[in-house]
Amino acid sequence: MSVSDPWALTCGVPQGSVLSPMLFNIYMQPLGEIIKGFGLGVHQYADDTQLYLSFKSEPVKAVKVLCECLEAVGGWVAANRLRLNPVKTEVLFLGDRRRAGVEDSLVLNGVTVPLKDQVCSLGVILDSQLSMEAQVKSVSRAAVYQLHLVRRLRPYLPADCLTRMVHALVISRLDYCNALYVGLPLKVTRKLQLIQNAAARLVTGSSHRDHITPVLKAHWLPVRFQAEFKVLVLTFKALNGLGLVYLKECLHPHCSTWTLRSSTEGLLAVPSLREAKLQEPGRGAVLGSGALPVECPPIRCQGNKQL
């Protein structure tokens, strides 16, 4: 094995070094403490920082807290030789902001930042109603384009290579963050299911007249069941200490006042209808981030908790 020549460094680390993420997280750690001091939640991924705030009432007061937090973040950024770019900052209000009395924009460092109807977070498009329709439309458009390219190459590819390409270019797009599709109306997920059907027919050489159910049974779970399977896997890992801690905190065992045979089956408590609803009158969430970041996290408001 060949090794490059050593090089003395007086500061920093080489680009791509395994130490870079660790040192960056250490450098940015005080920023998270400042944000949490205002009662906001924070998610950081690489150089993206996402702020989120949930509330039941007084949305105007919540927006004021968010502005104060952003002002403090801007001060810390300037003191550490960084720059907060309002142009790359996006804000999303979950719910009916007109009914809540929230203005259509915020002011950050003297620059007006408008509230958007949808934002993109780590490749997922979120809208103010969390309907996921924009995300499904975007995924469908990209997957259909890739499927069209693969279909043109089909005469020149052996069967195993064709299968790999379909999985890498088409199915991977349907599976990305598909846990967010659980509970969506069938009319929304139907677009993704039609793409999976077309991909299965392409791999197997089936005709469009053939029934798709036997073809899918031999290859993939339908889109809806694949999303539910991923949620079940994440739940299993969280309950057994193999997943993220914040997911385990959202899971509670089912407790019954009566002794039932199901008491030993490890059932989980089902949230009430009030907690499970995505939107409620008078409730919303303001999501914001600055550049550093500019995105909004995938969050559902459930009572006083964020998921």
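Visitor: Which residue forms a salt bridge with Asp 160?

Guide: Arg 164 does, and in this predicted model the closest N and O atoms of the pair are 3.6 Å apart. That falls within the 4 Å cut-off for a salt bridge.

Visitor: Where do Asp 160 and Arg 164 lie?

Guide: Start with the general idea. An α-helix has 3.6 residues a turn, so residues three or four places apart point the same way. Here, both partners sit in helix H5 (residues 159-175), four residues apart, about one turn of the helix. Asp 160 is partly exposed at 42% relative accessible area, while Arg 164 counts as exposed at 55%.

Visitor: How many salt bridges are there by this rule?

Guide: The count is two. The other pair is Glu 90 with Lys 116, whose closest N and O atoms are 3.3 Å apart. Glu 90 belongs to strand E3 (residues 90-94) and Lys 116 to strand E5 (residues 111-116), so this bridge ties together parts 26 residues apart in sequence. Glu 90 is buried, at 18% relative accessible area, and Lys 116 is partly exposed, at 34%.

Visitor: Let's turn to another helix. Which residues of H2 are buried?

Guide: Among them are Ala 62, Leu 66, Leu 70, Val 73 and Val 77. Viewed down the axis of H2, the buried residues fall within an arc of 160°, so they line one face of the helix. The face turned away from that side carries exposed residues, including Lys 61, Lys 64 and Glu 71.

Visitor: What comes just after H2?

Guide: Arg 81, which takes a positive phi of about 65°. H2 itself covers residues 59-79 and reaches 30 Å from its first C-alpha to its last.

Notes. Residues are numbered from 1 along each chain as its sequence is written. This is a predicted model: local features need pLDDT of at least 70, side-chain atom pairs count only at pLDDT 80 or more; totals for chains, interfaces and linings use all residues. Side-chain values use heavy atoms; hydrogens and water are left out. Helices (H or I, at least four residues) and strands (E, at least two) are DSSP runs, numbered from the N terminus. The expected span of a helix is 1.5 Å times one less than its number of residues. Buried means under 20% relative accessible area, exposed over 50%, partly exposed in between (1.4 Å probe, protein chains only). The arc is that of the directions from the helix axis to the C-beta atoms. A salt bridge is a side-chain nitrogen of Lys or Arg within 4 Å of a carboxyl oxygen of Asp or Glu.
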